[in-house]
Every structure is written in structure tokens, then in C-alpha cells.
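Dear colleague,

I am handing over a structure for your attention.

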Amino acid sequence: MGKTSSRGVIFLYNLRRHVLEEIQASQPDQVLRIYCCGPTVYNLAHIGNFRTFLLQDVLRRLLLTSGYKVKFVRNITDVDDKTIRGSQQAGVSLNNFTQHWVDCFHRDSKELNILAPDVEPRATGHIAEQIAMIQRLVDKGHAYTTVDGSVYFRIASFPDYGKVSGIALAQLESQATNSAGQRNQSDEYSRDHVCDFALWKAYKPEDGDVFWESPWGRGRPGWHIECSAMAQKYLGPTIDIHGGGIDLCFPHHENEVAQSECATKEPFVRHWFHSVHLLIEGQKMSKSLGNIYTLKDFSEKGYDAATVRYALISAHYRQTLNFTQASLEAAQSALKKLRAHVTAMGISRAVERRPVSEWHFFNKAMEALQQDLNTPKCLGELFTVLNQRPTIQADFINELLTILWILGLYEPLLEQQERVQEIPPEIAALAEERKRAKAQKQYAEADRLRAQINAKGWSITDQKDGYQLMPN
Ligand code: AMP
Ligand code: ZN
């Protein structure tokens with residue numbers, strides 16, 4: 001078998017340049033700076049959001065396992081039109097309203113075994129930093145105020161505008177005009193250019209009691225500025241990897257780059273990690289189709305969080321994931337197989353997971369992750385090795401546990417394993433009875449007992465020297 005070194009060979013695809021680029025820390029402290037746009041907290045995060053957060057989690061785990069030092073920042077958007085409207089409808093303060101959804105997000109993230117970020121800054125906790133950045137942009141001539149007390153970013157002042165998404169200004173201009181070339185009504189603001197975007201939004205009565213004082217009067221920050229200000233505060237002017245769903249590429253990330261680079265005069269992002277959206281049974285998730293699913297919906301249907309996690313990471317991040325009932329079933333049976341392997345190898349929490357210096361057994365699974373985070377290929381390679389029924393040795397188990405940890409399946413599998421060890425006496429008795437029946441060649445009776453065991457939520461597999469019981 002080939003060998004794979006464990007250090008410093010992780011590549012991500014650069015969509016603009018069409019090449020794989022090696023991930024390296026840019027700063028002398030060798031800490032890889034990662035910023036991911038987090039949830040807007042006005043309801044439960046759906047599984048599309050979690051697809052994105054899970055793939056970021058796998059990337060982070062891969063980097064940590066590969067010897068990188070990582071600082072991972074993921075923000076919480078806790079002020080925007082939706083959060084304000086939601087809090088007003090609920091009749092509670094913005095803070096109380098968003099805190100509830102933050103708690104739900106944390107609970108679901110924990111269930112899905114997503115590592116907590118190193119820093120989780122909130123927009124409302126960083127108003128001063130946002131005002132300071134807007135002020136800098138105004139001072140440098142990149143932003144201007146309007147009569148109502150709003151502040152806009154002037155995209156004409158940033159020649160690189162459009163480079164992240166590959167969108168051309170002319171294209172944007174044409175989208176904002178009708179066939180006669182006149183500006184659409186909705187775009188008739190006091191903006192210089194139709195695509196100039198708000199850095200600071202002047203107070204409107206609909207905002208109720210949500211406002212902050214600023215040099216431009218009462219108001220609140222625009223959405224994009226929070227990420228620029230918080231990324232700079234916690235990671236410095238340049239971040240190594242910036243993540244988010246593909247929908248954020250334009251205009252959000254385009255605007256983040258414009259604000260940050262104009263404020264700091266440094267490059268803002270070295271690698272983008274945009275994950276493609278998830279579809280449900282071939283359709284876009286939307287309120288009108290009533291197909292927005294959350295973790296709770298699946299747990300009510302009997303699918304645990306590990307199954308949802310498995311299904312959500314089983315497609316490549318640059319490909320659409322069509323999430324179907326069949327993909328959940330497939331995830332469930334794959335996890336069951338993994339659990340059977342883990343059990344058969346006698347793996348428990350007592351088995352220590354050590355850093356892997358050289359990969360001998362699961363090198364192809366590891367390489368799949370190192371080459372642009374190919375999670376489906378990794379899972380395929382994992383099963384290929386396991387199905388070859390190799391001779392088990394300590395290094396083999398250590399590599400297996402490391403791959404499982406990167407995929408975030410290690411803890412759930414061990415937890416399930418521990419639950420397995422608590423076999424209810426009734427099930428254990430049925431299994432023993434079946435063993436006796438088989439020994440006496442009473443096969444019909446043995447089958448009847450197996451069916452009884454299955455009906456009680458357990459499955460029994462015969463093994464060389466006995467049997468194995470597992471919950472379904
Ligand atoms: P939001 O809470 O809407 O700000 O979104 C949080 C994250 O989820 C962002 O990175 C979005 O790009 C991402 N996201 C939203 N919808 C989907 C989807 N259907 N599939 C994958 N990612 C999504
Ligand atoms: Zn952002």
C-alpha cells in the first residue's frame with residue numbers, strides 16, 4: 001500500500017483560476033485564519049445551512065488533524081430586517097428574540113457534532129468596530145452619506161469590484177434597468193450607482209427600538225459590514241480561508257472584499273470555500289413549497305443527528321446535494337455498517353487516538369480529503385478498505401479513528417457503541433434462546449426469535465464464535 005504524509009498538503013479548488021491551491025498560513029505565527037459567515041438567528045437553521053456548516057467543520061477537522069494551527073471564527077447575524085421583524089411579531093426585545101434562536105442553533109450544532117468556533121462574534125456586540133470601519137471608508141472617499149443619514153459604499157471607488165463572483169458592473173447595471181434602459185423603480189434611491197450598498201442604514205420607524213447612535217445619526221449597520229469588521233478584529237486584515245454558501249458569493253462576499261480592502265489596503269481573502277446549495281427531492285428549499293427541513297423534522301421521523309450529518313457530508317462541497325429520503329436511508333445503513341466494523345474491532349473510548357505520522361491503510365481516504373475535500377470519495381475509500389477485511393493492528397485502528405474523527409463520526413459511533421453495550425436483558429435472553437435453538441438445528445424457531453428481536457428494534461448477526469446484537 002502507498003503512504004501518505006500527514007502534513008501540509010491540503011488543496012482547495014480556486015474557482016476563478018481553475019486550479020487546486022495548497023492551503024498555507026500567511027502569517028509568521030503559522031496560524032491559519034478561517035472566517036465563516038454564520039447564521040442569521042430568526043428561526044431554526046435548516047439542513048441547507050447545516051450542509052454548509054458541516055462541510056466547514058470537516059475542513060477544519062482535516063486541517064487540525066494535518067498539523068495546522070487554526071483560528072476559526074464564525075459570526076452570528078443578530079440584527080437585520082428579519083430579526084427585527086421577528087422580534088416585533090413575538091413582542092420581545094431583539095436581544096431576547098435572537099438569544100432564543102442562538103440557543104437552538106447551538107443545540108442543533110452540538111447534536112450534529114459540529115465543533116464550536118474559537119470565536120463566535122455577534123453583530124450587535126460589535127457596533128463600535130463597524131462604525132469605526134465605516135468612518136475609515138468615508139474618510140478615504142470610499143463611502144458617502146445620503147440626505148436621510150445613511151452611508152453607502154461607492155463601488156466605483158474599488159476597481160476590483162466583481163472579482164470574487166466574476167460579475168461585471170455592466171451586467172449589474174443592466175439587471176437594474178428595464179428594456180428601455182431606464183432604472184427600475186425599486187432602485188431609485190439617492191445612491192450614486194445602483195449597486196452601491198448600505199454600510200449604515202438610517203433609522204426608520206419600522207425599526208422600533210432597534211437603533212444605535214453614530215456620527216451619521218441614529219441607525220443600524222448594513223449586513224455586509226459586520227463580517228468585515230469582525231474578521232478584522234479577530235483575525236487581522238487578511239484571512240486565509242473564507243467560507244459560506246454559494247449564495248453569499250454575490251453580493252455579500254463581493255461587498256465584504258470591497259469594504260475590507262478599501263479600509264485596510266491589504267488583500268482580504270486568500271482562499272474561498274463556497275459550498276453549493278442543497279436541494280430537497282430535486283427542488284430548491286422554500287417556504288412556498290413547504291420543504292424547509294430542520295434537524296427536529298428528521299429526529300421526529302426517527303433519524304438521529306449522526307445520520308443527518310452523514311447524509312449532509314456525503315456529497316462534494318462543489319456539487320449540489322440532492323437530499324432525499326433515499327439518501328437518509330443510505331446514510332443510516334452506512335452508519336450501521338461502520339458501527340458493526342467498530343464493534344467487531346473491539347473499539348471503544350478506551351482506545352487512544354494518536355496523531356498519524358504516515359498513512360498506510362486509509363491513505364486513499366485521506367488523500368481524497370486533502371484534494372479539495374472530496375468527502376464522497378473519502379467515504380467510498382473508507383468502505384473499500386473495511387470491506388477487504390484486512391488484518392487489524394493498532395495502526396490500522398488509529399488511522400480509522402482519525403478518519404472517523406475528521407468526518408465527525410467518531411464520537412457518535414462510540415456513543416452508539418456504548419448504548420449497544422447496554423443490551424436490555426430481554427433482548428439478551430431472546431438472543432441466547434435463539435443460539436440454543438440453532439445449536440439444536442431448530443431453524444424455524446431461530447428465525448422466529450430473530451424476527452422477535454428485530455421487532456423490538458435490534459438486529460442480530462451471526463459470527464464465527466457467537467452473535468452480535470445491535471440496535472436498528
Ligand atoms: P443564513 O442563516 O441565511 O445567513 O445562512 C447561513 C449559511 O447557510 C450561509 O453560509 C448560507 O450561504 C448557507 N445556506 C443557506 N441556504 C443553503 C442551502 N440550501 N444549502 C447550503 N447552504 C445554504
Ligand atoms: Zn459574511
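In helix H11, the buried residues are Asn363, Ala365, Met366, Ala368, Leu369 and Gln370; buried means under 20% relative accessible area, exposed over 50%, and partly exposed in between, with a 1.4 Å probe and protein chains only. Helices (H or I, at least four residues) and strands (E, at least two) are DSSP runs, numbered from the N terminus. Because six of the eight residues of H11 (residues 363–370) are buried, the helix is largely enclosed by the rest of the structure. Aspartate 372 follows H11 and has a positive phi, near 65°.

Before going further, please note that this is a predicted model, in which local features need pLDDT of at least 70 and side-chain atom pairs count only at pLDDT 80 or more, while totals for chains, interfaces and linings use all residues. Residues are numbered from 1 along each chain as its sequence is written, chains are lettered from A and ligands numbered from 1 in the order in which they are written, and side-chain values use heavy atoms, with hydrogens and water left out.

The zinc ion (ligand 2) is coordinated at 2.1 to 2.2 Å by Cys37 (SG), Cys227 (SG), His252 (NE2) and Glu256 (OE). Donors are N, O and S atoms within 2.8 Å of the metal (3.2 Å for Na, K and Ca); water is not among the atoms, so sites may look incomplete. The donor residues of the zinc ion are spaced C-x189-C-x24-H-x3-E in sequence. The two cysteines link distant parts of the chain, 190 residues apart: cysteine 37 lies in the loop between strand E4 (31–36) and helix H1 (47–65), and cysteine 227 in helix H6 (residues 223–235). Both cysteine 37 and cysteine 227 are buried.

Ligand 1 is surrounded by 15 residues, of which the closest are Thr40, Gly48, Thr52, Gly245 and Asp247; a residue counts as near if one of its heavy atoms lies within 4 Å. H1 gives the most to this shell, with four residues. H1 and strand E10 (239–245) each supply at least two residues of the shell.

Backbone atoms also approach ligand 1. A backbone N or O atom of glycine 48 lies 2.9 Å from a nitrogen atom of the ligand, and a backbone N or O atom of glycine 245 lies 2.9 Å from an oxygen atom of ligand 1.

Yours sincerely

Technical notes:
A polar contact is a pair of N or O atoms within 3.5 Å; within protein, one must be able to donate a hydrogen and the other to accept it, and residues adjacent in sequence count only if both atoms are side-chain atoms.
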